[in-house]
Amino acid sequence: MKVLVAVKRVIDYNVKIRVKSDNTGVETANVKMSMNPFDEIAVEEAIRLKEAGKADEVVVVSMGEKKCQETIRTALAMGGDRGILVETDEDLQPLAVAKILKGIVEKENPDMIILGKQAIDDDNGQTGQMLAALLGWPQGTFASKVELGDGSVNVTREVDGGLQTVKLSLPAIVTSDLRLNEPRYAALPNIMKAKKKPLDTVSPADFGVDVTPRLKVLKVEEPAARSAGVKVDSVAQLVDKLKNEAKVI
Amino acid sequence: MATYKAPIRDMKFVLYELLEGDKLCELPGYEEATRDLVEPILEEAAKITEEVLFPLNRSGDEEECQWNEGKVSTPAGFKDAYTLFREGGWTAIACDPNYGGMGMPKMVNTMVEEMICSANLSFGMYPGLSFGAYTAMHGFATDELKDTYLPKLVDGTWSGTMCLTEPHCGTDLGLCRTKADPQDDGSYLVTGTKIFISAGEHDMTDNIIHLVLARTPDAPKGIKGISLFVVPKYLPDADGEAGEFNNVSCGSIEHKMGIKASATCVMNFDNAKGWLVGTLNKGMQGMFAMMNQERLAVGIQGLGLGEASYQGAVEYAKERLQGRSISGVKHPDKPADPIIVHPDVRRMLMTQRAYMEGCRAFGGWVSQQLDISRKHPDAQRREEADEFVQLMTPIVKALFTDLGYEATNHGMQVFGGHGFIREHGMEQYVRDCRIAQIYEGTNGIQALDLIGRKMPDKAGRLLRRFFHPVQDYIEQNVMDDELGEFVQPLAKAFGRLQQATGQLARVGMGKPEEAAAGATEYLRLFGLVGLAYMWCRMVEVAKDKQDGDEGDFYRAKITTARFFMQKLLPQCSSLFSSIMAGGSSMMELDEDLF
């Protein structure tokens, strides 16, 4: 069984995000970049399937500038077998990513694709679902447990109000939630091995995908600073404020 | 609160922008150490130190090691962290691939060591001592002993110690009394008591391998009769695993000011079986191989702690609102300005920063030369690099730990009263750093090593390994429009260092006490000139990159360099005066009058 994992290079979760002074986006120069934490969980899950003898190969895909190679190498150091970088300087939106992934899937024929449920930079949470629609494959999103069966996979999903378990026939798409597993630290010998693992570089054009953004960012602003609170004199006044000022009841 | 993020950006600056780290992989044996491998190693080391070791730093300090009937337990979480560390291959990073090591250069290992020391110095002591034991055995033990012990020390399933000190014998190892009786099978029975043995006993590994200084029955008196022995806690069995108990026991552990989660043990050897490492009566050779490495490593401890303290202090100074800026309100939306607006707080933060970034660069330079001294194909280059490292070893040890201690104190001071409270973690850095000025040869001993051994060695040839490149650099750059501002103060300080060197060399011949009296000041003067030289070179790299993507980073380098030159380097004047005044005022007073 072959598992494909998609990983995104994002601003490290520890970094305090700063909005660019011209409001076109967030500052990325001189900012630490890492693998999207949800994708790390996806990689870990794929490697565990391999270690359990249930998968034979874990292929790691990333898209974006050349430096995404580092993100792929990180996944290979954790235990992935080989990498594919789709190199482009274009700003990739979820639909474009899903279309390129579809092209890769058609070439690689994996039995399962694991993605993070969302990336912590844009927080779209769309790629997995779009890819499932494009491929016509079943999807198990927000997975907190993945149990592989014979030709199928049971995915426990974190949904509002509890857990839902779905059975998907393979090939299928799984997107990982935080509680699926705890990703490992890469061991030194594996970091050294990762350097020698195959990593192919391709371009969106190889899949005939037009990656031109469909959405235009008009403006990026910091959230308004929190202002000081006020003391209310009575419950009646509180209700009044909630109703007429905050308009929440 | 204390906080720690590995300064990866600055480490990469030192490795790849300042010091030609790209060329490491050209040295035979370091082919693997290409930038695309080294950077992920640093990133992963950062993760482990930040996420695994750092969270155990304060709890380890509170809990301390516990001794019970000869058994020592490390604080909660240490054993699991060690297992993760070991399984990740981190004990093997700089070890010989023939014994399972990763063969990474010292330059890379120094960066990783710094992160470990910043995150949790107590923890770092355990693998640190193992690496010392590994080094002595790798250099001097027979192949049979190496095959038995090194793979286990490298993969970290066994740990190591160095047993030098005895109750009556610390700095003066010639007084050592532990005895080793030769047996017919070529082994020795070792008996004696060693104290201050870091990692002497603990619960993190299957076996503990002690490297013990002892003397055989007919050994000459003093330092010339000392031999080095390897004495395991458990004798290796037929399969090479920890077998029969070898009469090595821990009598007690010390209750210390700092590094409380590092077990400092009294070790009793009672007819414990051991084997000679190296040549009989030449035990100091192996011990020095280990000790020189450890001295550099202890210097890095000072740097690591200073860095951690700086990070905590910066965060606090930006958050703590107190008073208003004396040049006018800076944050009118807040009830007060953050204390980082105040000049005196700036003085402390900038001092920490200028010292630690300077030390990182300086330490990187020494590590680079250590790599060259070991691996360069040209014998002459190896020898020159080795001479440089010998010269710099006492300076790195003493300077970095003194500056680290000053830096940790500044960090604590920035916190005001809260710095004095244990919960904030800042006073721990001060306490943990204090020992670094003492062990592995006190800083006073380092200064004596510098003036007594390193300065006269080979008729001053070691000195030239530093003086010549600095002299050349000054001549080439002192008139430069941009660099001149930095090179001129370097030139002035360097002139004083040359003069002080001449003075000590002259008086040292006839009145060694006069020279010794100025040794500590001389070492600091030397070290500050070294830092000034590194700051000039950093400015040289940074000046052309100020307008790029990372302009902030490079402009900060230049500003910090300016602070160093204007506010810290002037210490050289007072050090110089003190050295030139000689030592009569301190030697004159009759002992009875003390």
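Predicted model: local features only at pLDDT ≥ 70, side-chain atom pairs only at ≥ 80, totals over all residues.
User: Before we start, what are the ground rules here?

Analyst: Residues are numbered from 1 along each chain as its sequence is written, and chains are lettered from A and ligands numbered from 1 in the order in which they are written.

User: OK, chain A. How many helices and strands are there?

Analyst: Chain A has six helices and 11 strands. Those are DSSP runs numbered from the N terminus, with helices being H or I of at least four residues and strands being E of at least two.

User: And what does its C-alpha trace span along the principal axes?

Analyst: About 65 × 40 × 40 Å for chain A.

User: How much of chain A counts as buried?

Analyst: 43% of its 249 residues. Buried means under 20% relative accessible area, exposed is over 50%, and partly exposed is in between (1.4 Å probe, protein chains only). Chain A exposes about 13,300 Å², with carbon and sulfur atoms supplying 49% of that. Accessible areas are from the Shrake-Rupley method with a 1.4 Å probe, and for residues only the protein chains shown count as cover.

User: What share of the contacts in chain A comes from residues 24 or more positions apart?

Analyst: Taking contacts with a separation of 6 or more, 69% are between residues 24 or more positions apart. A contact here is heavy atoms within 4.5 Å.

User: Which domain does UniProt list for chain A?

Analyst: An unreviewed UniProt entry lists "domain: Electron transfer flavoprotein alpha/beta-subunit N-terminal" at residues 23-211 of chain A. UniProt positions use the numbering used here, feature names are shortened, and annotations may be inferred rather than shown by experiment. Over residues 23-211, chain A is 30% helix and 30% strand, and the end C-alpha atoms are 23 Å apart.

User: What about chain B, which domain does UniProt place there?

Analyst: For residues 281-449 of chain B, the unreviewed entry has "domain: Acyl-CoA dehydrogenase/oxidase C-terminal". That span is 72% helix and 0% strand, and its end C-alpha atoms lie 22 Å apart.

User: Switching to strands. Which ones does β11(B) pair with?

Analyst: Among them are β5(B), with eight antiparallel bridges, β10(B), with five antiparallel bridges, and β7 (residues 227-232) of chain B, with three antiparallel bridges. Two strands pair if DSSP finds at least two bridges between them.

User: Which residues stand opposite each other?

Analyst: Val190(B) is opposite Ala272(B), Val230(B) is opposite Trp275(B), and Val248(B) has Phe269(B) as its bridge partner.

User: Where's His202(B)?

Analyst: His202(B) is in the loop between β5 (188-198) and β6 (207-214) of chain B.

User: Buried or exposed?

Analyst: His202(B) is buried, at 3% relative accessible area.

User: What does its side chain talk to?

Analyst: The His202(B) side chain makes a 2.9 Å polar contact with the side chain of Ser159(B) and reaches the backbone nitrogen of Met204(B) at 3.0 Å. A polar contact is a pair of N or O atoms within 3.5 Å; within protein, one must be able to donate a hydrogen and the other to accept it, and residues adjacent in sequence count only if both atoms are side-chain atoms. Leaving out residues up to four places away in sequence, His202(B) touches Val72(B), Thr74(B), Tyr126(B), Ser159(B) and Ile208(B).

Key
Heavy atoms only, no water.
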